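Here's a quick briefing to read with the model open beside you. Take a look at the fold first, then work through the notes by topic.

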Amino acid sequence: MCSNGINDMFEPQSWDYNAYAQACQQQFGVNPRVEWPIINFGSNATDIKEQTNIIFSNGHLDPWYGGGVLTNINDKLPAIVIQEGAHHLDLRSSNPQDPSSVIKARLNEIDIIQSWIDEWENSHN
């Protein structure tokens, strides 16, 4: 949505909220709700430390790897780096050709999510 052509591979394009809102209205019949993350999640969405239960998985083969979260922010915001992973490979169905690092990442993600579910269930019993 915005690029400068110097620090990225895209043509320069500045951010124009009004043009963006107009395009949303024309294409989808809706207006962007800029405050939605704060209203929905109840905090300043730009301060990721205030969020919880997000797993940041990044594969070394992913072209976006360099911009990913590569270390745990806290216990509720873990980062999983997948040595042989590509973009979203851990989120796809298993395949006999999956590298061992992807299989391990999936199992780790399952364990983390299950711990969040268990914590919620224990707090609501």
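With a relative accessible area of 14%, S3 counts as buried (buried is under 20% relative accessible area, exposed over 50%, partly exposed in between, with a 1.4 Å probe and protein chains only). This is a predicted model, so local features need pLDDT of at least 70 and side-chain atom pairs count only at pLDDT 80 or more, while totals for chains, interfaces and linings use all residues. Residues are numbered from 1 along each chain as its sequence is written, and side-chain values use heavy atoms, with hydrogens and water left out.

**Around S3**

- S3 sits in the segment before helix 1 (17–28); helices (H or I, at least four residues) and strands (E, at least two) are DSSP runs, numbered from the N terminus.
- Not counting residues up to four places away in sequence, S3 touches D8, F10, E11, P12 and Q13, where contact means heavy atoms within 4.5 Å.
- A polar atom of the S3 side chain lies 2.6 Å from the backbone oxygen of E11. For a polar contact, the cut-off is a pair of N or O atoms within 3.5 Å; within protein, one must be able to donate a hydrogen and the other to accept it, and residues adjacent in sequence count only if both atoms are side-chain atoms.
- From S3 to T52 you go 49 residues along the sequence and 29 Å through space, C-alpha to C-alpha.

**Helix 1 and its ends**

- The twelve residues of helix 1 should span 16 Å at 1.5 Å a residue, and the end C-alpha atoms are 16 Å apart, which agrees; the expected span is 1.5 Å times one less than the number of residues.
- D16 caps the N-terminal end of helix 1, with a side-chain oxygen 3.2 Å from the backbone nitrogen of N18.
- After helix 1 comes G29, with a positive phi near 75°.

**The aromatic pair**

- There is one aromatic pair in the structure. W15 and Y20 have ring centres 5.2 Å apart and planes at 45°, so the pair is tilted.
- The rule here: rings of Phe, Tyr and Trp (its six-membered ring) pair if their centres lie within 6.5 Å, with planes under 30 degrees apart counted as stacked, over 60 as edge-to-face and the rest as tilted.
- W15 is partly exposed at 45% relative accessibility, and Y20 is partly exposed at 30%.

**Helix 3 and what covers it**

- Helix 3 (residues 100–123) has 24 residues, which should span 34 Å at 1.5 Å a residue; the end C-alpha atoms are 35 Å apart, which agrees.
- Its buried residues are S101, V102, A105, R106, E109, I112 and W116.
- Strand 1 (56–59) and strand 2 (79–82) are among the elements covering those buried residues.

**Charges**

- Two salt bridges turn up in the structure, each needing a side-chain nitrogen of Lys or Arg within 4 Å of a carboxyl oxygen of Asp or Glu.
- E119 and K76 meet in a salt bridge at 2.7 Å, N to O. This pair links distant parts of the chain, 43 residues apart: E119 is in helix 3 and K76 in the loop between strand 1 and strand 2.
- E119 is partly exposed at 45% relative accessible area, and K76 is partly exposed at 22%.
- D98 and R106 form a salt bridge with their closest N and O atoms 2.6 Å apart. D98 is buried at 12%, and R106 is buried at 12%.
- D90, in the loop between strand 2 and helix 3, is buried yet has no salt bridge; R106, the nearest side chain of opposite charge, is 6.7 Å away. For charge, Lys and Arg count as positive and Asp and Glu as negative, with His and the chain ends not counted.
- The D90 side chain does make a polar contact with the S57 side chain, at 2.8 Å.
- Leaving aside neighbours within four places in sequence, D90 is in contact with S57, I82, V102, R106 and E109.

- N53, in the loop between helix 2 (36–41) and strand 1, has a positive phi near 55° and is partly exposed at 36% relative accessible area.
- H88, in the loop between strand 2 and helix 3, is not a glycine but has a positive phi of about 65°; H88 counts as partly exposed at 39% relative accessibility.
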